[in-house]
Amino acid sequence: MAWLGKALCFWFFPGGPAWGKYNWLTKRASSNAIPGPKGFPIVGSMNLMNNMAHHKLCAAAKSFGAKRLMAFSMGETRAIITCNPDVAKEILNSSVFADRPVKESAYSLMFNRAIGFAPYGVYWRTLRRIAATHLFCPKQISSTEGQRLDIASQMVSIIAFAGESSPKYHLGSSNPETEELSQLVEEGYDLLGKLNWFDHLPWLGGLDIQKIRRRCYELVPRVNKFVNKIIQEHKLRIGTKNYDFVDVLLSLNGPDRLSENDMIAVLWEMIFRGTDTVAVLIEWILARMVLHPEIQSRVQAELDEVVGKSRPLTESDVQSMVYLPAVVKEVLRLHPPGPLLSWARLAITDTTVDGHHVPSGTTAMVNMWAITRDPEVWVDPLKFMPERFASKEGPDVEFSVLGSDLRLSPFGSGRRSCPGKTLGLATVSFWVGTLLHEFKWVPSDHKNPVDLGEVLRLSCEMANPLKVKVHPRLR
Ligand code: HEM
């Protein structure tokens with residue numbers, strides 16, 4: 001009974017039960033409390049984190065007048081979220097928020113030994129150093145240009161062939177290995193993208209109501225076997241000219257040398273982060289090109305001017321283009337693959353955000369989707385207008401999306417910002433450029449118009465996958 005009474009008292013506090021409990025334990029005055037929804041007793045506002053969390057959190061922030069900073073509770077987890085670029089900068093660039101909240105599925109799937117979920121400390125710093133100096137340095141990115149070119153020409157041949165013979169295509173041949181990989185990734189996405197009640201209601205203890213723990217335990221040995229096989233194969237090939245991430249990790253010595261288990265975790269994470277974000281973004285860009293044929297023609301005119309029609313696009317061509325990068329930025333603005341910046345941050349110590357006290361152990365999020373659609377931040381925010389990043393007179397022609405300006409920062413910002421951002425952007429721009437150079441993209445038929453509906457899994461995907469027809473442009 002006393003327990004129930006306490007739970008109700010905590011619940012009455014702005015931001016709900018987790019904030020109420022903290023204030024009761026620390027006896028803090030509630031005068032400067034961060035505004036936010038109470039949610040329900042005990043579970044707080046866990047419902048906000050289910051299905052399209054970015055929409056729900058944005059609506060809640062508006063209704064509480066808390067766009068700058070809103071507090072809410074996910075069970076026993078205190079959380080804050082901002083829809084404001086200045087406050088986002090304050091959070092993401094602060095060393096206090098350099099950690100990630102513990103997520104049971106991420107730990108079970110070994111991601112605590114990879115960059116994204118490694119606790120802030122020596123091991124994480126070592127991984128970031130390896131990433132910056134070996135994996136994502138300009139030399140390594142340009143040395144893998146040939147591999148991206150190969151994949152681009154494979155895509156072109158498959159789409160050209162499918163356009164003639166069948167309405168559907170699958171990239172690459174399907175064999176037991178690719179089948180297994182796609183199952184591993186699919187299962188991993190599902191487990192990592194799920195809101196796990198145990199993360200926020202620790203008293204659920206041994207109960208695995210959602211079966212997340214069991215599925216993680218079943219997945220890990222399969223991942224270990226799959227990635228370990230890739231490592232062993234790489235050990236046997238000598239003098240290869242395709243020097244990839246695995247070769248780089250195997251070549252490291254001294255303090256940078258990782259154990260094989262840690263290598264598996266790092267490579268597994270790269271497969272994850274490198275595939276879904278890039279694929280999802282390409283699909284959104286192509287969807288927008290089909291919806292806005294005049295913009296598609298303008299990109300193609302630029303491609304024809306820079307490349308001509310007699311040879312394929314190269315990555316260096318992209319560097320002399322203005323309109324294609326503007327289209328990519330505009331799609332990142334309206335459809336950021338991580339609308340809540342993928343993974344949250346965790347306060348390592350007590351701190352102050354936007355004049356409010358934020359205790360250590362608080363989870364912090366940025367609603368990038370809300371920022372990029374805010375009329376106080378962007379002119380005509382819902383209008384698809386790449387010109388805003390392309391016209392010489394426009395204020396945003398030199399706009400960097402790499403984290404310095406939080407009005408559009410789809411790769412995050414600060415110490416834990418995305419280490420793969422340059423590679424990701426280069427890959428997406430080159431592949432989209434190639435696909436638009438080679439083909440004209442049109443709606444498949446009037447029964448299947450492009451539907452911009454979203455579904456938020458690990459990334460924000462198109463709810464109804466894109467269906468299109470293509471017409472070759474060059475031959
Ligand atoms: C369009 C492509 C991509 C987008 C939109 C994207 C977005 C993001 C975002 C929003 C974060 C969290 C940043 C933060 O907390 O401030 C992140 C982290 C991360 N990303 Fe990316 N990413 C992309 C491509 C890639 C690629 C290609 C790789 C690697 C192959 C990669 C690897 C990572 C890793 C390892 C982290 C964790 C960093 C850490 O915690 O220190 N990403 N990404």
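Modeller: A crossing of two helices is left-handed if the near helix is turned anticlockwise from the far one by less than a right angle, and right-handed if clockwise. This is a predicted model, in which local features need pLDDT of at least 70 and side-chain atom pairs count only at pLDDT 80 or more, while totals for chains, interfaces and linings use all residues. Residues are numbered from 1 along each chain as its sequence is written.

Colleague: Is the crossing of H9 and H11 left-handed or right-handed?

Modeller: Helices (H or I, at least four residues) and strands (E, at least two) are DSSP runs numbered from the N terminus. Helix H9 covers residues 176–193 and helix H11 residues 212–236, and their axes, lines fitted to C-alpha atoms over the stretch in contact, lie 10 Å apart at an angle of about 145°, on a scale from 0 to 180 degrees between N-to-C directions. The crossing of H9 and H11 is left-handed.

Colleague: How many residues of the contact of H9 with H11 are charged?

Modeller: Contact requires C-beta atoms, placed from the backbone, within 7 Å, and the residues that meet this include Glu180 and Glu187 of H9 and Arg215 and Arg222 of H11. Asp, Glu, Lys and Arg count as charged, Ala, Val, Leu, Ile, Met, Phe, Trp, Tyr, Cys and Pro as nonpolar, and the others, Gly among them, as polar. The contact of H9 with H11 has eight nonpolar residues and one polar, and the charged ones number four.

Colleague: How many residues has the largest nonpolar core?

Modeller: Such a core joins buried Ala, Val, Leu, Ile, Met, Phe, Trp, Tyr and Cys residues through C-beta atoms within 7 Å. Ala61 and Met70 are among those with the most contacts inside the largest core, and a second, separate core of 38 residues includes Val280 and Phe389. The largest core has a residue count of 48.

Colleague: Why does glutamate 305 count as exposed?

Modeller: Glutamate 305 lies in helix H14 (residues 293–307). A residue is buried with 20 or more other C-beta atoms within 10 Å of its own, exposed with 12 or fewer, and partly exposed in between. Glutamate 305 counts as exposed because its C-beta neighbours inside 10 Å number 11.

Notes: Two residues are in contact if their C-beta atoms, placed from the backbone, lie within 7 Å.
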